[in-house]
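I opened this notebook to record what I looked up about pockets and cores. The entries follow the order in which I consulted the structure.

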Amino acid sequence: MPSGGEVDGAVLIGVDWGTSNLRVLRIGEGGAILDARSDPRGAGSLAPEAFPAVLAEVADGWLDDAPPILVCGMAGARGRWREVAYLPTPATLVDLADALASPADRPELKIVPGLKAMAGGRMIDVMRGEETQVMGLDLEPGNHRIVAPGTHSKWIAARPGQVVGYRTFMTGELFAAIRKGTILGTGMGEPGVDESAFAEGVDRALTDPALTSALFSVRVETLADRLHPDAAADYLSGLLIGAEIAAHSHDTHGPVTIVGADALNARYATALEIAGFSDVRLADGTAAVACGLWRIHQASLR
């Protein structure tokens, strides 16, 4: 990522509005992050009319005589601030820039469209937000695999400045749902305490393609006193992440770039290495968003 930037002021206000969280960035030249603020009021909990006030509160002092504002993520989803139609994949940086759209009452603010994957004349997958991260990565010429872990993890085929295709896995959402809403979650502790249990879960998922059966092993291993309840969340995490990686383990050659938060990046890197991937690279998700927003904005000025 470019590391230079404006010292005294931003050239762009970047907004990454996820389902569960909001992040507002002051972005300098080259996509450098000058300052950042976050808030738990994600797009999933907001009515369309609530977005302007939440943004004004979180970005207090940054929007007076502000530079352009560019928003990515779920603010452009149906039923949110302003629905911005999905673009078909493959899609380039220029495609995204050409399709920026504004809410009716905020012409100075632009929302980045999401992407849709098509097959047989019908939509088979969608993304909002990850396309901006991909555009912010400094990719070498050629084909790349990018993993964007999270609530809905994405495996993305990309080239520099272009999203070619992708596949979504509900790994993060399933993890939360199983912990909170099933018998497997009874007495389960927090994740991140037992890396060996995580590795055991990954190994089980890589060798057993029947995920719904493998998931029940959380209970069996606990009842057999082979898995301590404090380690059960890590074992479950390993099962789910391992199942996601197993869908791609037929080809372990070539680089895989993980773009996300540090803790998830580390988990996915460990799981990929267990699965035999030898070239695993890490990229900071926030830095990728900032650089991607800056590049999309620059493309819109051409």
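Entry 1. I began with the second largest pocket, where helix 4 supplies the largest share of the lining, 6 residues. I note that the model is a predicted one. The volume of this second largest pocket is about 380 Å³. I counted 16 lining residues, and those nearest the centre are Gly172, Phe175, Pro191, Ser237 and Leu264. Helix 4 (171–181), helix 7 (229–246) and helix 8 each give two or more residues to this lining. By class, I recorded 8 nonpolar, 5 polar and 3 charged residues.

Entry 2. Helix 9 gives the most, with 3 residues. The lining comprises 13 nonpolar, 15 polar and 8 charged residues.

Entry 3. I then examined the largest nonpolar core, which has 33 residues. Helix 9 (residues 285–300) contributes the most here, with 7 residues. Val112, Leu115, Ile146, Ile156, Val163 and Leu293 have the most contacts inside this core.

Entry 4. Which residues is valine 163 in contact with, leaving aside its neighbours within four places in sequence? I found Thr89, Pro90, Ala91, Leu115, Met127, Glu131, Val134, Met135, Ile156 and Ala157.

Note on methods
Residues numbered from 1 in each chain as written. Predicted model: local features only at pLDDT ≥ 70, side-chain atom pairs only at ≥ 80, totals over all residues. Heavy atoms only, no water. Core = buried A, V, L, I, M, F, W, Y, C linked by side-chain atoms within 4.5 Å. Buried < 20%, exposed > 50% of the residue type's maximum accessible area, 1.4 Å probe, protein only. Helix = DSSP H or I, 4+ residues; strand = E, 2+ residues; numbered from the N terminus. Contact = heavy atoms within 4.5 Å. Nonpolar A, V, L, I, M, F, W, Y, C, P; charged D, E, K, R; others polar. 1 Å grid on protein atoms, 1.4 Å probe; cavity = no way out; pocket = protein on both sides within 12 Å on 5 of 7 lines; lining within 4 Å. Points joined across faces, edges and corners; volume = space filled by probe spheres on them.
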